Amino acid sequence: MKGNRRNFLINSGLISGALLTSGISSNNFAKSFYINKKNSKMKLTFKPYTLNLKHVFTLATSSRTTTPVVLTQIEYDGLVGYGEASMPPYLGESHESVSKFLAKVDLSQFNDPFEMESILDYLDKVDALNPAAKAAVDIALHDLTGKILGKPWHKIWGLDKLKTPYTSFTIGIDTNEVVKQKVKEAEEYKILKVKLGRETDKEMIETIRSVTDKPIVVDVNQGWKDKYLALDMINWLNERNVKMVEQPMPKEMIDENAWLTEKSPLPTFGDESVQRIPDVIKAYGVYSGINIKLMKCTGLREAHKMITLAKSLNMKVMLGCMTETSCAISAVSQLSPEAEWADIDGNLLISNDPFEGIKVIDGKVTLNDEPGIGISKMIAH
Ligand SMILES: [Mg+2]
């Protein structure tokens with residue numbers, strides 16, 4: 001199996017022969033992206049890949065053990081930028097749909113990768129949907145342009161790398177004994193995230209509280225259907241050092257979510273209800289803040305605009321992720337000094353990450369100085 005993955009990555013061109021040898025230091029890594037033949041037109045290539053999850057991932061409505069992703073690269077003028085689409089099944093994109101979309105994308109019509117506004121406008125015209133597929137192009141473009149400039153994107157945006165948030169670490173729904181074990185394994189993380197929206201919500205919180213008093217954030221994933229019960233539950237959570245509530249009720253229950261936010265002692269965040277820029281305006285007055293994910297919003301460029309818009313509306317910003325490799329996680333981390341909350345632990349939940357990049361150290365998102373999106377190493381699987 002390992003050999004197969006290794007061959008797959010070699011054949012796909014995602015790892016050059018030089019990169020497969022161990023011992024490429026972080027400092028030399030950017031240089032190792034240079035390839036011999038100069039190419040003045042952008043060339044997009046992509047390959048499906050399947051992430052294996054360390055634990056079964058259970059939400060209010062489903063469980064799974066793998067996540068399909070598509071890894072992309074854009075070659076231009078001797079440099080390579082890396083990107084990724086991650087497609088949890090409930091969002092409707094798949095290996096097939098992303099591959100079909102990317103096969104239609106022709107970047108050779110553009111002069112250089114800095115024409116990002118035009119390129120991303122063009123992507124929206126290729127097909128209206130496919131946000132993760134578009135993110136895979138957007139992330140690779142950011143990686144590429146950052147490498148051309150020789151700077152990481154947090155620097156290009158003028159962000160203070162010391163202002164990164166702590167990331168929460170998700171404790172999946174499981175038996176009480178397994179939950180306690182997972183809490184112990186998450187010792188490094190300062191904030192725990194718990195998925196609620198089931199009949200066992202209080203039991204889950206009490207189980208965690210029997211072993212730790214760390215701050216908890218909860219994600220209901222639209223699981224509560226009654227606003228009065230939801231408010232009772234939030235009041236109960238507030239007494240147990242819970243700090244905020246993500247997507248408490250179904251996204252269609254706009255008036256009820258707005259009522260709840262007004263009455264709630266804890267900030268509420270829209271996630272399923274917020275995909276792209278127009279949704280930020282719709283979330284205003286309904287939630288205290290928004291959860292931005294690259295795979296929902298088509299990538300870093302739109303995410304950056306959504307942050308600016310949300311802040312201008314005095315809304316809070318949270319950055320989230322899907323189960324993703326360190327490629328997309330490093331990319332979103334570049335924006336993290338702008339966020340009050342971060343839930344960017346997706347790469348920590350998988351066992352076959354082909355990249356190394358931005359790390360979480362003592363629970364805090366810790367940016368590096370690698371140019372582009374912050375990938376420091378590729379690992380053969
Ligand atoms: Mg969520």
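**Entry 1, ground rules.** I am reading a predicted model, in which local features need pLDDT of at least 70 and side-chain atom pairs count only at pLDDT 80 or more, while totals for chains, interfaces and linings use all residues. I number residues from 1 along each chain as its sequence is written.

A residue is called buried if 20 or more other C-beta atoms lie within 10 Å of its own, exposed if 12 or fewer, and partly exposed in between, with C-beta atoms placed from the backbone. This core has 102 residues, and those touching the most other members are Ala 85, Ala 136, Ile 139, Leu 192, Ile 290 and Leu 294. Its largest share, 9 residues, comes from helix α6 (residues 131–149); helices (H or I, at least four residues) and strands (E, at least two) are DSSP runs, numbered from the N terminus. Because domain 1 (2–150) and domain 2 (155–378) both give residues to the core, it lies between them; the domain bounds come from an automatic or database assignment.

In α9 (residues 201–209) I found Asp 201, Met 204, Ile 205, Thr 207 and Ile 208 buried. Seen down the helix axis, these buried residues fall within an arc of 160°, so they line one face of α9; the arc is that of the directions from the axis to the C-beta atoms. Glu 203 and Glu 206, on the other side of α9, are exposed.

Ala 230, Met 233, Ile 234 and Leu 237 are buried in α10. They fall within an arc of 100° and so line one face of the helix, whereas Tyr 228 and Asp 232 on the other side are exposed.

Strand β3 (residues 79–86) is mostly covered, with 8 of its 8 residues buried. It runs antiparallel to β2 (residues 63–76), and 8 bridges join the two; strands pair if DSSP finds at least two bridges between them. Ile 74 has Gly 81 in β3 as its bridge partner.

Terms used
Core = buried A, V, L, I, M, F, W, Y, C linked by C-beta atoms within 7 Å.
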